[in-house]
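Here is a short note for someone opening this entry for the first time. Please keep the model in view while you read.

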Amino acid sequence: MSGRGFTRWVIGLGIVLAAGSAWADSSAFVGRWHLNRTQSILPPGEPVPNDVIAEISRADSTHVRWSLTVVAAQGQTSVETFDAVANGEFYPINSDTTAAFSLNGNRLQSTFKGPSGQTDTLTCTLSVDQRKMTCRGALSDGDGRTTNYVDVYDRM
């Protein structure tokens with residue numbers, strides 16, 4: 001998977017994990033999540049992974065901790081582990097991306113910044129039964145071009 005593709009999955013997952021910190025009292029997001037490829041709408045030209053699984057081990061008002069397994073279309077598996085601060089300020093989530101999270105009512109909003117001025121703004125909502133998370137995003141390339149997408153995750 002290209003660096004851009006993997007970074008987008010990390011970014012998309014970051015919103016899922018930050019949502020756990022927003023609803024920490026119920027621990028609704030601690031567990032395993034699986035990308036629902038049929039319900040998700042990828043940006044045009046984005047490589048489609050064979051699989052994306054997130055395991056969230058901590059989701060509270062100060063931190064989220066997770067591991068992400070991405071199986072690329074070519075069969076390569078990438079596993080990353082992350083620990084992020086969840087206080088609304090920008091912090092690094094990997095070597096070239098920062099993110100900030102905030103809760104506005106029942107919606108979690110995030111902004112991610114990449115090394116070339118690109119941004120990813122997301123708004124996620126949780127289904128009533130807490131079995132599905134829908135994240136609506138907008139990728140901006142830093143030159144004024146924006147692409148919308150939807151990532152849907154199912155609880156495993």
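The points below go from confidence to fold, core, salt bridges and one backbone detail.

1. Basis. This is a predicted model: local features need pLDDT of at least 70, side-chain atom pairs count only at pLDDT 80 or more, and totals for chains, interfaces and linings use all residues. Residues are numbered from 1 along each chain as its sequence is written, and side-chain values use heavy atoms, with hydrogens and water left out.

2. Confidence. pLDDT is the predictor's confidence in each residue, from 0 to 100. The chain averages 77, and 72% of its residues score at least 70. Among the elements, β10 has the highest mean pLDDT (92) and helix α1 (residues 3-22) the lowest (50). Over residues 17-26 the value stays under 50. For that stretch the model has 26 contacts beyond four places in sequence, a contact being heavy atoms within 4.5 Å. Where pLDDT is low, the predicted coordinates should not be read in detail.

3. Fold. The order from the N terminus is α-β-β-β-β-β-β-β-β-β-β. Take the contacts between residues at least 6 apart in sequence: 44% of them join residues at least 24 apart.

4. Surface and burial. Of the 156 residues, 40% count as buried. Buried means under 20% relative accessible area, exposed over 50%, and partly exposed in between (1.4 Å probe, protein chains only). The chain exposes about 7,600 Å², and carbon and sulfur atoms supply 48% of that area. The areas come from the Shrake-Rupley method with a 1.4 Å probe; for residues, only the protein chains shown count as cover.

5. Core. Which residues touch the most other members of the largest nonpolar core? They are W33, L68 and F112, in a set of 20 residues. A nonpolar core is a set of buried Ala, Val, Leu, Ile, Met, Phe, Trp, Tyr and Cys residues joined through side-chain atoms within 4.5 Å. At least two residues of this core come from each of β1, β2, β3 (63-71), β6 (98-104), β8, β9 and β10.

6. The whole structure holds four salt bridges. Each is a side-chain nitrogen of Lys or Arg within 4 Å of a carboxyl oxygen of Asp or Glu. R32 and E55 form one of them, at 3.3 Å, N to O. R32 lies in strand β1 (residues 31-35) and E55 in strand β2 (residues 51-59), so the pair ties together parts 23 residues apart in sequence. R32 is partly exposed at 36%, and E55 is partly exposed at 35%. D154 and K132 form another, at 2.6 Å, N to O. Here D154 sits in strand β10 (residues 146-155) and K132 in strand β9 (residues 132-140), 22 residues apart. K132 is partly exposed, at 24%.

7. A salt-bridge network. D141, D143 and R145 are linked in a network of salt bridges. Within it, D141 and R145 meet at 2.6 Å, N to O. D141 is partly exposed, at 27%.

8. One backbone detail. Most residues other than glycine have a negative phi. The phi of Q130 is positive, near 60 degrees. Q130 is in the loop between β8 (119-126) and β9. Its relative accessibility is 31%, so Q130 counts as partly exposed.

Key
Helices (H or I, at least four residues) and strands (E, at least two) are DSSP runs, numbered from the N terminus.
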